[in-house]
Amino acid sequence: MTAAVTPLSKVRPNDPCWCGSGLKFKRCHKPTTERVAPGALSPRRPVPDTIEAPPWAATGGGSNRDEPDVKSADVIDRMRRTGRLAGDVLAQVGAAVAPGVTTDELDELCHTLTIEAGAYPSPLNYNGYKKSLCTSVNEVICHGIPDSRPLRDGDIVNLDVTCFREGVNGDTNATFFVGSVDPESQRLVRITRECLSEAIAVVRPGVPINAIGRAIQDHAEGNGLGVVRAFIGHGVGETFHTDLAIPHYYDPRATKALQEGMVFTIEPMITVGDWRHQLWDDDWTATTVDGKRTAQFEHTLLVTADGVEILTLRADGLWSGDGGQP
Ligand code: MF3
Ligand code: CO
Ligand code: CO
């Protein structure tokens, strides 16, 4: 398939900007093609002790990874409620995305909304992570830490929300546009959302786990895009990340069959260029090696008797983000 849009890297400084302003690119949206620079972190946000917190809130540790893949009816019931909350928090924080808003302000909103709903923001102190939300801008693949950087017109930003309530986690993310975004980035975000949608469509009992990655890889590479290998979907439940691994590429070894009652995430990270990553000095922020853009969408999913249920849909049944609606 031919790319219908001009790659951002091919727009020259004196070309007219793609946004239609009539200005030269260098006088308009070119600054947003520069690499993302780290900003300053705000102090740690407190959580009232009336909120039930997961073990890592106090310890700064990680997950107890050996939770069973198949959940009890009771856990599933609780995950429906916590999942929907995460979907609704994501929608509300996404609605606040605008040029000039800092990623720290988005973190504050996520933190406040989560606590107001009687939930704990799962990222906070998870393996020592310092914030309640992950904010991944442009070439940041995942785990961007909210800081003092204001969003710029033309950026794309992934917001990854995880809530802990009733003893279980709901994990979901979406990529949002900041002001007007170039056509190549719009296409990236739309196809990334389609990758998640096509992967969800193959989920039902008896299907091998690697059918999920195959669906994602086929759609991404069929459209000339790359699939990040280093970060994968995961089992989720009473703990944040279990040992159940869901690669987003075709892995011939991932032959375990899906079973009714399994709960896991699918969260493909798709790139315009090279899919390999590198880490910032903070040891969290993962970026593409070539500085080209990347997008991600994530849902928490339940395998049902005849297919799949998306546990992190919003209360209105829709998805968030600017890749369109299912
Ligand atoms: N929500 C992320 C995921 O999808 C994990 C974030 S870990 C954190 O798995 F510590 F950065 F919050
Ligand atoms: Co996840
Ligand atoms: Co997530």
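1. His143 sits in the loop between S3 and strand S4 (156–165). Note that this is a predicted model. The phi of His143 is positive, about 60°, although the residue is not a glycine. Its relative accessibility is 27%, so His143 counts as partly exposed.

2. Most residues other than glycine have a negative phi. Asn138 belongs to the loop between strand S2 (134–137) and strand S3 (140–142). With 1% relative accessibility, Asn138 is classed as buried.

3. Now the metals. Which residues coordinate the cobalt ion (ligand 2)? They are Asp171 (OD), His234 (NE2), Glu267 (OE) and Glu298 (OE), at 2.0 to 2.2 Å. Along the chain, these donors follow the spacing D-x62-H-x32-E-x30-E. Asp171 lies in strand S5 (residues 168–177), while Glu267 lies in the loop between strand S9 (263–266) and strand S10 (269–271), so this pair ties together parts that are 96 residues apart in sequence. Asp171 and Glu267 are both buried.

4. The geometry at the cobalt ion (ligand 2) deserves a look. Six donor atoms surround the ion, and their angles run from 52 to 162°. The arrangement is therefore irregular. For six octahedral donors, the ideal angles are 90 or 180 degrees.

5. Asp160 is in strand S4 and Asp171 in strand S5, so the pair ties together parts that are eleven residues apart in sequence. Asp160 is buried, at a relative accessible area of 12%. Asp171 is buried as well, at 3%.

6. How far apart are the cobalt ion (ligand 2) and the cobalt ion (ligand 3)? They lie 3.3 Å apart, and Asp171 bridges them. Check the side chain of Asp171 in the viewer with both ions shown: Asp171 coordinates both.

7. Ligand 1 is surrounded by 14 residues. The closest are Pro123, Asp160, His241, Glu267 and Glu298. By class, the shell divides into six nonpolar, four polar and four charged residues.

8. Asp171 places a polar side-chain atom 3.1 Å from an oxygen atom of ligand 1. For His234, an N or O atom in the side chain is 3.1 Å from an oxygen atom of ligand 1. For Glu298, the corresponding distance is 3.0 Å, again to an oxygen atom of ligand 1. Taken alone, ligand 1 exposes 340 Å², and the protein buries 96% of that.

9. Last, the segment before helix H1 (56–59). Thr6 lies there. Is Thr6 buried or exposed? Thr6 is exposed, because its relative accessible area is 51% and the cut-off for exposed is over 50%. From Thr6 to Trp18 is twelve residues in sequence and 9.2 Å in space, C-alpha to C-alpha.

How values were computed:
Residues numbered from 1 in each chain as written. Chains lettered and ligands numbered in written order. Predicted model: local features only at pLDDT ≥ 70, side-chain atom pairs only at ≥ 80, totals over all residues. Heavy atoms only, no water. Donors = N, O, S within 2.8 Å, 3.2 Å for Na, K, Ca; no water. Tetrahedral: all angles 85-135°; square planar, octahedral: opposite > 155°, others 65-115°. Helix = DSSP H or I, 4+ residues; strand = E, 2+ residues; numbered from the N terminus. Buried < 20%, exposed > 50% of the residue type's maximum accessible area, 1.4 Å probe, protein only. Near = heavy atom within 4 Å. Polar contact = N/O pair within 3.5 Å; in protein donor to acceptor, adjacent residues only side chain to side chain. Areas by Shrake-Rupley, 256 points an atom, 1.4 Å probe, with all protein chains shown as cover. Nonpolar A, V, L, I, M, F, W, Y, C, P; charged D, E, K, R; others polar.
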